Structures are given as C-alpha cells and as structure tokens.
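Biologist: I have just opened this one and would like a short walk through it. Could you take me along, one piece at a time?

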Amino acid sequence: MTSASERGLRPLRVGNCSGFYGDRASAMADMARAGGIDVLTGDYLAEVTMLILGKALTKDSTKGFATTFLQHLDAALEHLVANRIRLVVNAGGLNPAGLAAATRELIARHGHDLRVSHIEGDDVFGSLDGLRQAGQYLPHLTSGQPLSDWPHQPLTANAYLGGFGIARALHNGADIVVTGRVTDASLVVGPAAWWWGWTPDDHDALAGAVAAGHVIECGPQATGGNFSGFRSVPDLVEPGFPIAEIAADGSSVITKNPGTGGVVTQDTVTAQLLYEIGEPAYLNPDVTAHLDTATLTDLGEDRVRISGVRGSSPPRTTKVAITGVGGWTNSVILALTGTDLDAKAALVERFVHRYGEAAGGLAAVAVERIGRAQPDPDTQNAGTELLRITVQGTQQAAGRAFSSRVIELALSSYPGLYSLGPPQPGSAFGVYWPALLDQRTLQHTVHHYDGTSEIIAPGNPDGAGGEVVPQAEPALAPSVPAPRADELVVAPLGEIVHARSGDKGGDANLGVWVRDRAAWDWLRSTLTIDELRRLLPETRALEISRHELPNLGAVNFLVRGLLGTGATSTLRLDSQAKALGEWLRSRTIKVPRSLVQS
C-alpha cells in the first residue's frame with residue numbers, strides 16, 4: 001500500500017466507485033484495475049437505505065450491511081492489492097463489525113492478509129431513551145419539535161460522523177476501512193486528513209476536502225450522469241467514475257480515468273456542488289464548508305479545479321437520521337384513452353373515495369394524471385393518459401384488498417379501462433425524522449485491525465458556537481437590474497440555465513446556474529422565490545428559501561415539505577425530486593433575446 005514517504009509530496013488521488021446501494025456492480029473492479037489512485041471510496045448509504053438495512057436486520061441479526069459490497073470486493077481484490085490501493089466504504093450500514101468480519105473472511109479466501117478496521121458510534125438506536133432522559137430531545141431539523149412528538153416507533157437511528165475516525169484508521173495502517181453512517185463527504189475528508197496530517201483546526205483545508213468529497217460522492221453524476229446538458233456528454237451509456245486530486249491546502253482537481261465515458265467540466269462539477277444542499281454554509285461534523293466561496297477553473301481535458309473554499313468551526317450538533325415504519329402503501333395504474341378523460345378520471349376517483357369510506361383504515365389517497373393525450377391521435381398510445389391511484393393506511397385496507405377491488409372495475413366502469421399490471425399486495429412504507437444531537441454525546445470509535453480501539457473527539461469539543469437551528473426564510477439580496485435595451489422573447493428557461501435537484505428529507509433541493517456568465521445578472525434578478533412559485537405551481541403553498549452563489553453563477557432553492565415527511569413516505573410520483581429541475585427548465589419565461597442567441 002502507499003508508503004509514508006509518498007505522502008506530503010504530491011496530491012492525494014482518491015476515486016469513487018459507488019454512489020448508492022445498487023450502483024454499477026463492475027465499478028470497484030474497474031477503478032482498481034485502472035490504478036493510479038491512492039484511496040478508493042464507496043458510498044452505499046442514504047436515508048432510504050437505512051430503512052432497507054433496518055428491515056433486513058430485524059429478519060437476520062447477522063445482516064444490516066450492504067451485501068453487494070462483498071461481491072464488488074471479490075471482483076476487485078486482486079487489483080486493489082496489485083495497485084496498492086486502500087479502500088474506504090460506508091457499506092457497514094447498521095453492522096460495520098459484521099461487514100468487517102465478512103471482509104476478512106473474503107480476503108483470507110483469496111490468500112491475502114490485508115488489515116481491516118471498522119468504525120462505530122453512529123448507531124444511537126439503543127440509546128434513544130437514555131438520550132431523552134439526559135435532556136437530548138432530538139429536535140426535528142426543520143420544525144424543532146422533540147422526537148417525543150413523533151407518532152411512529154423508530155426502527156433505526158444513526159448519527160452522521162466525521163472523517164477523523166477514518167484518518168486514524170488509515171494512520172494506524174488499515175488497508176480497508178468499513179464505516180457505518182458517516183457523512184458522504186467524510187469518506188474523502190478522512191483520507192485527505194490522513195494524507196496531509198491535518199488537525200481539526202485546519203478549517204479551510206477540511207472545507208476544501210468536503211467540497212471534493214461532495215462532488216465525487218455520487219459517482220458518475222460528476223462525470224455527466226443526470227446532467228441537464230447530457231446531449232453534449234460523450235458515451236453517457238457508461239460514464240466513468242470520478243477522481244479527486246486533493247492538495248495540501250484542500251484545493252482539488254476533479255477528473256476521471258482516460259478513455260472512460262462521460263466528461264468532467266465546470267458545469268458537471270457545479271451540478272454536484274449544488275446537489276442536495278440547503279444554504280451555502282454546508283454543515284459537516286468536522287467543519288462548516290462555505291460553498292459560496294468555491295471557485296471553479298476548467299483546466300481542460302476532463303480536469304476542473306476547485307479552490308478558495310473557506311471553512312469555519314463545525315456545528316455543535318450533528319444530524320441523526322431516524323427511520324420507522326409508517327404503515328402500508330399500494331398503488332394501481334389505469335389507462336385513460338380517447339375522449340371524456342376528465343369524466344373517466346372523476347369516476348375512478350369517486351370509486352376510490354367510496355372504497356375508503358367503506359373499508360376504513362386509509363390515511364391518505366392520491367389520484368394523479370400522468371401525461372396528456374393528444375387530440376386526434378394517430379396511435380392508441382398517443383391518445384392515452386395514465387391514472388395513478390396511491391393509498392396509504394393499514395395493511396388490511398391498503399393491501400391486496402385495495403388493488404383487487406380496483407381491478408374489479410375492469411367490466412363495470414369507464415370504457416377502455418385496463419390496468420398496467422395485476423393487483424399487488426403493496427408494502428410497508430418508511431417514515432423519516434431528521435434530528436439534531438450534541439456531538440459530545442457520541443462515542444465515535446475506531447476499532448483498529450490489531451484489536452485495539454480508539455475514541456475520536458468531536459470536531460467541536462467545547463460545544464461553543466456552530467449551533468444548528470431551524471432557519472427562517474432569509475431575506476433576498478437586493479435585486480440587480482436585468483440587462484436593458486434588449487428585446488424580450490419567450491423561451492424555455494433551460495435554454496439559459498442548467499439545473500440539478502434532489503431530496504433532503506421531506507424537502508426538495510433545486511440548484512439553478514447559468515450556462516453563460518453573461519446571464520448571471522438576469523438570473524439573479526429574475527428567478528426570485530415568487531417567480532419560482534409561478535413557474536412551479538405545486539410549490540405555491542410551501543415555504544421556500546433561496547441562496548445565491550455568485551462564484552458559481554447559481555441560485556439554490558430549498559422547497560420545504562414538497563416530499564411530505566420524506567422519500568420513503570411521499571405520495572409524489574417523483575419521490576426524490578430528481579426531475580424537479582427538469583420541470584423548471586421546461587417552463588417558458590421572458591428572456592433578453594441576446595441571452596437566447598448566446
């Protein structure tokens with residue numbers, strides 16, 4: 001593995017091979033085979049994933065981790081050894097010790113003797129009652145309500161840890177580090193702190209590493225995946241995974257392996273910097289990274305530099321992701337074809353509500369039209385819309401009894417009715433409570449490969465400052481006049497801007513930035529909260545916060561409550577708000593003609 005003499009003489013090269021539990025199975029082996037990196041990271045966890053792992057753990061106490069990691073490692077191990085690459089993953093989920101043990105067994109079967117360490121201390125599920133008795137009320141991140149107000153029984157509860165446990169594991173010689181719920185960026189911050197010998201007071205350097213980690217954490221999203229300018233991305237069928245070259249001051253260059261698909265440009269990096277953030281002060285357990293201070297420089301040949309990121313003290317608190325089972329959910333999709341579509345949909349909706357009244361036990365019902373039938377269609381599909389009916393409630397009411405009852409309409413309702421699939425039993429849906437917890441209450445523990453253990457002090461050990469509290473909607477910055485003396489034309493907003501959107505619990509994040517810097521003054525003066533509500537009517541009744549990031553030519557919106565209580569429980573079809581930005585870009589707006597032409 002990397003020798004101590006190499007560290008401190010050149011930038012750390014850290015790659016990513018997984019952005020979620022279910023990402024490309026060949027990526028770890030591909031990245032390991034290509035070599036040229038010091039550390040390979042894999043992000044397997046999300047709020048939805050913790051619920052999945054929690055259900056698995058209740059069925060089998062030896063599980064609770066991302067089992068696909070072992071398949072990935074089996075294919076990659078020989079290349080990792082040959083190219084002297086260390087591996088850092090959060091695939092441990094709810095059972096890091098179990099995955100570490102399984103990893104050692106796999107390595108032994110291959111005839112190697114790699115050193116595997118694991119990190120615990122994030123799992124506070126068994127301590128919830130004790131924490132509340134000690135005055136830690138686990139207030140909701142947005143509302144401030146105590147956890148005791150939540151009507152659901154927790155299934156998992158995991159605090160977000162920082163990167164210094166990873167740094168210590170690597171410092172003590174670990175070849176593979178398995179963690180539970182660390183922040184996504186910590187998978188990169190830890191190796192960078194180890195490589196450069198940073199201390200918790202190196203705020204600017206740590207903040208730069210957070211920015212780099214945030215960019216590469218979602219794998220090929222940094223190389224053109226899910227990018228609104230996808231038509232210009234070469235070989236998007238299989239884009240390469242990203243690499244960050246991190247310097248001593250925390251600045252970095254984002255790149256990818258030569259010959260792989262996709263592209264790294266200033267826009268693909270901007271997309272990731274804006275992804276799933278709220279205000280530009282991006283909170284991590286080790287540092288607060290001020291992303292509005294980041295400067296991007298396109299170096300060409302798939303290389304973009306991130307520099308100038310400033311950092312400040314980390315918050316006293318960290319987020320705790322608490323999940324539970326909220327009830328039962330089920331859905332049926334019917335086809336509406338031809339004429340009288342409004343009347344056909346209304347007939348089904350009356351039936352669903354009558355079913356709910358008779359059956360009892362339904363807590364929520366949503367009936368949505370998807371698509372729009374064309375007039376005088378020349379194919380049957382062109383004249384068809386979809387009707388999606390979703391219910392939540394008890395298993396008795398929302399289970400197979402519901403979907404079977406809807407299917408019974410086939411011969412007794414509107415003409416042309418057919419369903420897109422047989423009746424389904426439905427499934428349990430999860431609920432999510434993002435809470436706050438004092439970092440000093442956690443036992444962030446590194447279990448070294450040699451059997452020793454080490455407690456990691458919190459990034460803000462004295463607990464002073466940095467308090468995370470629910471934020472009121474900020475006042476807008478003074479408007480900057482849009483360019484004058486230029487004829488206004490109507491055009492899709494997407495001709496002027498890129499966008500990237502996603503979920504943050506029950507909220508939706510929407511980052512918008514200009515394709516050409518000449519449009520920045522127009523964008524910041526035009527795309528206000530009121531204008532966003534006009535363009536996206538589904539947001540009109542919701543609280544929205546807006547933040548400007550001038551260095552990136554971007555504005556970032558956080559739409560509170562668009563996803564209800566979270567992606568696992570929302571009735572919204574786009575449950576993680578992935579397409580919210582594309583909806584916005586499709587909306588037309590009055591734009592100076594010169595900006596459209598450019």
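This is a predicted model: local features need pLDDT of at least 70, side-chain atom pairs count only at pLDDT 80 or more; totals for chains, interfaces and linings use all residues.

Biologist: OK, and how many residues does α10 have?

Modeller: Helix α10 covers residues 341-359, which is 19 residues, and reaches 27 Å from its first C-alpha to its last, close to the expected 27 Å (1.5 Å times one less than its number of residues).

Biologist: Which residues of α10 are buried?

Modeller: Leu341, Lys344, Ala345, Val348, Phe351, Val352, Tyr355 and Gly356 are the buried residues of α10; buried means under 20% relative accessible area, exposed over 50% and partly exposed in between, with a 1.4 Å probe and protein chains only.

Biologist: Why are they on the same side of α10?

Modeller: Because they cover an arc of only 135° around the axis, the arc being that of the directions from the helix axis to the C-beta atoms. On the other side of α10, Asp342, Arg350, Arg354, Glu357 and Ala358 are exposed.

Biologist: And what do the buried ones pack against?

Modeller: The partners of those buried residues include the strands β14 (317-337), β15 (362-370) and β16 (384-393), as well as α11 (395-398) and α12 (400-407).

Biologist: Changing topic, in what order do the strands of the open sheet come?

Modeller: The four strands are ordered β21-β22-β24-β23, with antiparallel pairing, where two strands pair if DSSP finds at least two bridges between them. The edge strands, β21 (497-504) and β23 (544-549), each pair on one side only.

Biologist: Inside it, how many bridges join β22 and β24?

Modeller: Strand β22 (residues 507-514) and strand β24 (residues 554-559) pair over six bridges, and asparagine 509 has leucine 558 in β24 as its bridge partner.

Biologist: Last one: what is leucine 70 in contact with?

Modeller: Leucine 70, found in helix α3 (residues 68-82), is in contact (heavy atoms within 4.5 Å) with Phe65, Leu99, Ala102, Thr103 and Leu106, leaving aside its neighbours within four places in sequence. The C-alpha atoms of leucine 70 and leucine 99 are separated by 8.4 Å, although the two are 29 residues apart along the chain.

Definitions and conventions: Residues are numbered from 1 along each chain as its sequence is written. Side-chain values use heavy atoms; hydrogens and water are left out. Helices (H or I, at least four residues) and strands (E, at least two) are DSSP runs, numbered from the N terminus.
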